[in-house]
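Here are some exercises to work through with the model open beside you. Try each task by eye before you read its solution.

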There are 2 protein chains.
Amino acid sequence: MSRAIAVLGGTGPEGFGLALRWARAGEAVIIGSRDAQRAQQAAAKIKQRAGEQAQISGLENSAACAATDLIVLTIPFEGHAPLLKQVKAAIRAGSIVIDATVPLASSVGGRASRTLGVWQGSVAQQTAELVPKGVFVVAAFQNTSAEVLNGDSSVECDVIVCGDDPNANQIAHALAAKIPGVRAIDGGKLENARILEHITALLIGLNIRHKGHSGIRITGLPEAAYQSGR
Amino acid sequence: MSRAIAVLGGTGPEGFGLALRWARAGEAVIIGSRDAQRAQQAAAKIKQRAGEQAQISGLENSAACAATDLIVLTIPFEGHAPLLKQVKAAIRAGSIVIDATVPLASSVGGRASRTLGVWQGSVAQQTAELVPKGVFVVAAFQNTSAEVLNGDSSVECDVIVCGDDPNANQIAHALAAKIPGVRAIDGGKLENARILEHITALLIGLNIRHKGHSGIRITGLPEAAYQSGR
């Protein structure tokens, strides 16, 4: 990437795992958190694991948004809209926001193997409503296991990328392809994000039932479909 | 199986493909159709492809239900509830109904890459409301490509089985395992069928966009999870 990747919620397991993988791939990564000190602690841990050359820092969420124009959202659903409202003013026009958030029912005391209905159809579409005009939203990375990302092995999971702006989608494809084992697949418009979000609940249910760290692979598409999309 | 498998909608591509695969595996299969003659024609075609020893016949839908206690539903969503109401009296107590139906928006003139909302949560749960008491409903086979089933190659797709009765689920697992390449995975309760139904719409969208016949594989579960369930 020509720009740093701000991972909001990067102190949580999914964000931390993605940040670790991108830092290892040589990308500049900014961990965003409500608390700048916690962000810096997470960044230090990633530096320990990814090596001294890793370009990783930690900032408060708004400062992280202001520092780059490539933002990844990995926050629990209950904190999603409040966070976006808080950081909105700091998101630059032209930024790309990649949303990995899933509306798990655990956000309101339910089960993580169930989802909540989101009025707009998906969290990603809610995000598109909440970001400033001229910001591009892409849905991706909902289905990559946090546990697997936090390990050292290959990530046996395809990342389906849904979004309405081809250039922004292309960035998400490239980010996915930075993670060993991951294949990026163009999943069409942002509205399809709802299916990716539901799949996460299915995978969590499978993890609980079978004691694993599941992911998905899409079979049966021509080879070209598994490269970086449009 | 100790009993014949009635495939309602077996003249359509998904049902025909499943019937072909099960006939090849040595199972007794009854094609069900609104029109007994069309059912018999489909059965004759399967016999041509599966060989003279294939145990395959064709019956009108109600007669097919009356002839066995293992029923597979592979019908377009717009015909689903009307068919169940029509055959209800013919379904024996203790029967197992395996539902592969997906509420594609194409049922009402929309896109096959989108789903309709079903009040009960999923088509399979609607089925559970419509069948007689004492009939067990299982959701499975939504995600197996009709085109691939109708071919001769291995089916690179996992079948996730959702249902509330362990014995009925077990039958669906065994049926899945009869298809070369398919692995059956216990996906939990019938209510989870909604996610399987949504995945079909995602796969159809991928097929259109990338010109393929897609399926899914679940990665990251222990080996035991891929055998016949509970």
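**Exercise 1. Find the handedness of the crossing of H4(B) and H5(B), then describe the packing.**

Step 1. H4(B) and H5(B) cross in the right-handed sense; a crossing is right-handed if the near helix is turned clockwise from the far one by less than a right angle, and left-handed if anticlockwise.

A word on the model before going on: it is predicted, so local features need pLDDT of at least 70 and side-chain atom pairs count only at pLDDT 80 or more, while totals for chains, interfaces and linings use all residues. Residues are numbered from 1 along each chain as its sequence is written, chains are lettered from A and ligands numbered from 1 in the order in which they are written, and side-chain values use heavy atoms, with hydrogens and water left out.

Step 2. Two packed helices are described by the angle between their axes and the distance between the axes. For helix H4 (residues 77–87) and helix H5 (residues 123–130) of chain B, the axes come within 10 Å and cross at roughly 15°. Helices here are DSSP runs (H or I, at least four residues), as are strands (E, at least two), numbered from the N terminus. Axes are lines fitted to C-alpha atoms, for helices over the stretch in contact, and angles run from 0 to 180 degrees between N-to-C directions.

Step 3. H4(B) and H5(B) are therefore roughly parallel to each other (angles under 35 degrees count as roughly parallel, over 145 as roughly antiparallel, 65 to 115 as roughly perpendicular and the rest as oblique).

Step 4. On the H4(B) side, Phe77(B), His80(B), Ala81(B), Leu84(B) and Lys85(B) meet Val123(B), Gln126(B), Thr127(B) and Leu130(B) of H5(B); contact means heavy atoms within 4.5 Å. By class, this contact has five nonpolar, three polar and one charged (Ala, Val, Leu, Ile, Met, Phe, Trp, Tyr, Cys and Pro count as nonpolar, Asp, Glu, Lys and Arg as charged, and the others, Gly among them, as polar).

**Exercise 2. Work out how H8(A) packs against H8(B).**

Step 1. Helix H8 (residues 193–210) of chain A and helix H8 (residues 193–210) of chain B have axes 10 Å apart, at an angle of about 140°. That makes H8(A) oblique to H8(B).

Step 2. The crossing of H8(A) and H8(B) is left-handed.

Step 3. Contact residues in H8(A) include Ile195(A), Leu196(A) and Ile199(A), and those in H8(B) include His198(B), Ala201(B) and Leu202(B). The contact of H8(A) with H8(B) has ten nonpolar, two polar and no charged residues.

**Exercise 3. State how much area chain B and chain A bury between them.**

Step 1. The two chains bury about 2700 Å², 63% of it on carbon and sulfur atoms; buried area is the accessible area (1.4 Å probe) that two parts lose on being put together, summed over both.

Step 2. In chain B, Leu202(B), His210(B) and Thr219(B) lose the most area to chain A, together 22% of what that side buries.

Step 3. The contact takes 33 residues from chain B and 33 residues from chain A.
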